[in-house]
Amino acid sequence: MSLNQLKRALWVMNELVGAGSTGISSEELCNKWEKSEINDRCEAGPLTERTFYRLRRELESLFNIDILCTGGSNRYYINQTEYSEFLGMFSKLITDNAQYGSNLQQLFLQVIGGMEISAEDKATIEDIAFRLGRVAYETLGQLITEANTGKIFGVDRSQWGEIKYHTHFWLEETYQRTLSWIGVAINKKNQDGQGEVKFYIGNESDNTEFHSLLMREFDLLPPEKIDGHYWWFAPRDPSIHLMTYASQPDIDEIRLRIETLSAQLNSIK
């Protein structure tokens with residue numbers, strides 16, 4: 001995440017917190033971002049509704065919070081208790097590491113207000129954000145970087161999905177032809193201390209014939225539509241595309257499964 005993207009992310013977080021329990025809609029956020037002083041040079045790009053959905057998941061992953069949505073009116077807010085816990089964690093991390101120097105509120109005010117911050121403070125806030133991230137964020141973030149730099153065979157694009165701890169991997173030529181991608185999700189650990197990595201197929205078309213083809217090719221269940229944007233296909237036999245882990249997912253095994261599923265998807269005509 002670049003500094004300009006980080007500024008935008010923290011600006012969104014600040015707006016969500018400021019909205020209180022009544023929340024704020026994605027449309028209101030997008031409109032406010034267009035008029036924001038921090039966006040004068042448009043360095044972080046527009047805050048579209050689709051970008052907000054992805055940014056929402058990135059914020060949740062980075063800062064270990066849940067951005068909630070009210071029923072019916074689709075207004076987003078952060079649970080204040082949870083946010084307070086996050087601030088406590090953030091502040092403790094700074095306090096326990098003397099080399100950080102700057103306090104949390106000062107850094108937040110600087111970044112959100114669009115002020116220039118030192119290279120040391122920039123490294124500080126990015127390091128803190130990374131360290132507060134969960135195992136899922138670190139693992140998937142590394143895979144996204146690898147995919148976008150040509151280090152995963154059969155894919156050349158990757159990005160965060162619109163669901164927490166989900167990522168999308170695809171070959172652009174295949175996506176243009178099929179509107180499909182490989183999805184990877186890392187679930188938090190259950191009460192037994194075991195985490196899960198799940199693989200699935202995503203598709204953006206409403207072509208039921210092509211859906212049937214995907215179901216046959218990958219032995220998938222009928223799809224479910226997610227957030228009104230795309231179709232999500234789960235495997236008929238969950239164990240086929242499921243990995244478990246105790247402390248850290250096996251990133252080499254995840255990479256291999258992405259490559260295997262991508263090869264299968266890329267071969268569809």
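Two strands are said to pair if DSSP finds at least two bridges between them. Helices (H or I, at least four residues) and strands (E, at least two) are DSSP runs, numbered from the N terminus. The model shown is predicted, so local features need pLDDT of at least 70 and side-chain atom pairs count only at pLDDT 80 or more, while totals for chains, interfaces and linings use all residues. Residues are numbered from 1 along each chain as its sequence is written, and side-chain values use heavy atoms, with hydrogens and water left out.

View 1. Strand β6 spans residues 180-187. β6 runs antiparallel to strand β5 (residues 166-170), and 4 bridges join the two. Within this pairing, Phe169 has Ile182 of β6 as its bridge partner. β6 also pairs with strand β7 (residues 195-203), again in the antiparallel sense, over 8 bridges. Strand β6 is mostly covered, with 7 of its 8 residues buried; buried means under 20% relative accessible area, exposed over 50%, and partly exposed in between (1.4 Å probe, protein chains only).

**View 2. The open sheet of β1, β3 and β2.** An open sheet is formed by 3 strands in the order β1-β3-β2, with antiparallel pairing. Its edge strands are β1 (24-25) and β2 (67-69), each of which pairs on one side only. Between β2 and β3 there are 3 bridges, in the antiparallel sense. Ile67 stands opposite Ile78 in β3. Strands of a sheet pair through backbone hydrogen bonds, either parallel or antiparallel.

View 3. The buried residues of α10 are Ile251, Ile254, Arg255, Ile258, Leu261, Ser262, Leu265 and Asn266. They lie on the same side of α10 because they cover an arc of only 135° around the axis; the arc is that of the directions from the helix axis to the C-beta atoms. At the N-terminal end, Asp250 caps α10, with a side-chain oxygen 3.1 Å from the backbone nitrogen of Asp252.

**View 4. Two aromatic pairs.** The structure holds 4 aromatic pairs, defined as rings of Phe, Tyr and Trp (its six-membered ring) with centres within 6.5 Å; planes under 30 degrees apart count as stacked, over 60 as edge-to-face and the rest as tilted. Phe52 and Tyr76 form an edge-to-face pair, 5.0 Å centre to centre with 70° between the planes. Because Phe52 lies in helix α3 (residues 49-63) and Tyr76 in strand β3 (residues 75-78), this pair ties together parts that are 24 residues apart in sequence. Both Phe52 and Tyr76 are buried. The rings of Tyr200 and Trp232 have centres 5.6 Å apart and planes at 45°, so this pair is tilted. Tyr200 lies in strand β7 and Trp232 in strand β9 (residues 230-233), so the pair ties together parts that are 32 residues apart in sequence. Tyr200 is buried, with a relative accessible area of 3%, whereas Trp232 is partly exposed, at 24%.

View 5. Cys30 is buried, with a relative accessible area of 11%. Cys69 is partly exposed, with a relative accessible area of 33%.

Notes:
Polar contact = N/O pair within 3.5 Å; in protein donor to acceptor, adjacent residues only side chain to side chain.
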